[in-house]
Amino acid sequence: MDFELTEELKMLKDMAYKFALTEFTPLSKEADEHEKYTPEIRKKAADNGLVAAWIPEEYGGAGAGILGNAIITEELSKVDMGIGLNVVAACFGCESIFQYGSEEIKQKYLPPVCRGEWVSAGAFTEPNAGTDVAGYKTRAVKNGNDYTINGNKMFITNGTVCDFMVTQCITNPEEKKHNSFSLIIIPADAKGVTRNKIKGKMGIRASDTAEIAFEDVRVPQANLVGKEGKGFYQLMHFFDTTRIMVAAQGLGLAEACLETSVKYCKERTAFGTALGNYQLTQKKLTEMAIMIEALRGLVYKSGWLVDNGTPDYTLAAMAKFYSGQTAVFCANNAVELHGGYGYIDEYSVQKWYRDAKILELYEGTKEAEIMTVGRYLMAKFG
Ligand SMILES: Cc1cc2nc3c(=O)[nH]c(=O)nc-3n(C[C@H](O)[C@H](O)[C@H](O)COP(=O)(O)OP(=O)(O)OC[C@H]3O[C@@H](n4cnc5c(N)ncnc54)[C@H](O)[C@@H]3O)c2cc1C
């Protein structure tokens, strides 16, 4: 057993953090205030191998594995989780292409994303169904060599900036719910696709989120990812991997909260001594540190297991659940430790507080992760 990162991963970690500090910091406030997506940073990140870094070299990626990608995500999220998402989710949806796509599809879609030329999106959630994945209604009907697609998707990351969407559609309505879905690639510029940016997000405001409508959109049947009717199971497998990335976002954000709070508590005085000298203050910092350490274990181990060919999907759900808890807890403590200053935008902690909440909502709400872990426990000890 070895808990030490390899020299390669240490260098990657260092490089990703320095990249974020240099590139994100000047734009962070403006992107947050004006909800600005940051394509120029994504391109530079791709030039540095930080986009889709988990994709193997043969498809244009850095071959850093899921652990390497988690470490990149952690470091970028320490500086700005929204801009970081624009980098690490530029390939969102490609996980399914990599896991299930034909060789032709992989060669067509993965390399341009890795080069920062194309952006992908994973379009699953609908206006009337999010957690209830089997309740999606978007329909793809066979039409000659094409599918004709009708339906609506909601809250899609990269929705207005993507070049293509990996989309969950019903293709086999005659089958039982779980066997009725398929994943289909829809080009963003296909006729009948309408995309509207959703404005007014609480946090991660640099990221692009959209609602999307498909009206008689025709795509070739060759755009099917994997097997027809297997989309539900493919999507579950997709989340099992992407939840590690999302868990790493919370790790980075929580680390930033702790480091900034310790520094502040050493400088700020009350009643004649530094805040950090009070045990009540130290309790807050200590609890943050313990949760972060435990979360790092969950994130790194679940990434490492995928890279070693023994993925543990329950562990990934635990990591994602605990990431939300840790990030929200640490951001709350950071605001409190900064007192009134924590509540104004001169200090980053108010932004981290807003950013953190999404980690309990997307990529499965915290309740969805509880369902995943709960089901496993019932089966294991039943
Ligand atoms: C900024 C942002 C980015 C996003 N990006 C994407 C994206 O790229 N692609 C994509 O497809 N989706 C995306 N989403 C959607 C996100 O994954 C969903 O919002 C989330 O899964 C919850 O679905 P919902 O909003 O429909 O809530 P609902 O499913 O309606 O849930 C509402 C509440 O009910 C709870 N609940 C539901 N069912 C149960 C149950 N059985 N037991 C107990 N509690 C339950 C939920 O946990 C939640 O608290 C994004 C959302 C946001 C806000």
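Two residues are in contact if their C-beta atoms, placed from the backbone, lie within 7 Å. The model shown in these views is predicted.

**View 1. Residues at the contact of helix H3 with helix H8.** On the H3 side, the contact takes in Gly65, Ile66, Leu67 and Ala70. They meet Val299, Tyr300, Gly303, Trp304, Val306 and Asp307 of H8. By class, this contact has seven nonpolar, two polar and one charged residues.

**View 2. Packing geometry of H3 and H8.** Helix H3 spans residues 65–79, and helix H8 spans residues 279–307. The two pack at an angle of about 150 degrees. Their axes are 6 Å apart. The angle makes H3 roughly antiparallel to H8, because angles over 145 degrees count as such.

**View 3. Helix H8 and the residue after its end.** H8 has 29 residues. From its first C-alpha to its last, H8 reaches 42 Å. That is close to the 42 Å expected at 1.5 Å a residue. Glycine 309 follows H8. The phi of glycine 309 is positive, near 75 degrees.

**View 4. Domains of the chain and the contact of domain 2 with domain 3.** The domain assignment gives domain 1 (7–114), domain 2 (120–228) and domain 3 (233–380). Taken over C-alpha atoms, the centres of domain 2 and domain 3 are separated by 30 Å. Domain 2 gives nine residues to the contact, and domain 3 gives eight residues. On the side of domain 2 that touches domain 3, five residues are nonpolar, four are polar and none is charged.

**View 5. The shell around the ligand.** The ligand is surrounded by 20 residues. The closest are Phe124, Gly130, Thr131, Thr157 and Glu367. Strand E1 (120–123), strand E3 (146–157) and helix H11 (366–380) are the elements that give two or more residues to this shell. E3 gives the most, with three residues. By class, the shell has nine nonpolar, eight polar and three charged residues. Both domain 2 (120–228) and domain 3 (233–380) give residues to the shell, so the ligand lies between them.

How values were computed
Residues numbered from 1 in each chain as written. Predicted model: local features only at pLDDT ≥ 70, side-chain atom pairs only at ≥ 80, totals over all residues. Near = placed C-beta within 6 Å. Helix = DSSP H or I, 4+ residues; strand = E, 2+ residues; numbered from the N terminus. Nonpolar A, V, L, I, M, F, W, Y, C, P; charged D, E, K, R; others polar. Domains from an automatic or database assignment. Axes fitted to C-alpha atoms, helices over the stretch in contact; angles between N-to-C directions. Parallel < 35°, antiparallel > 145°, perpendicular 65-115°, else oblique. Expected span 1.5 Å × (residues − 1).
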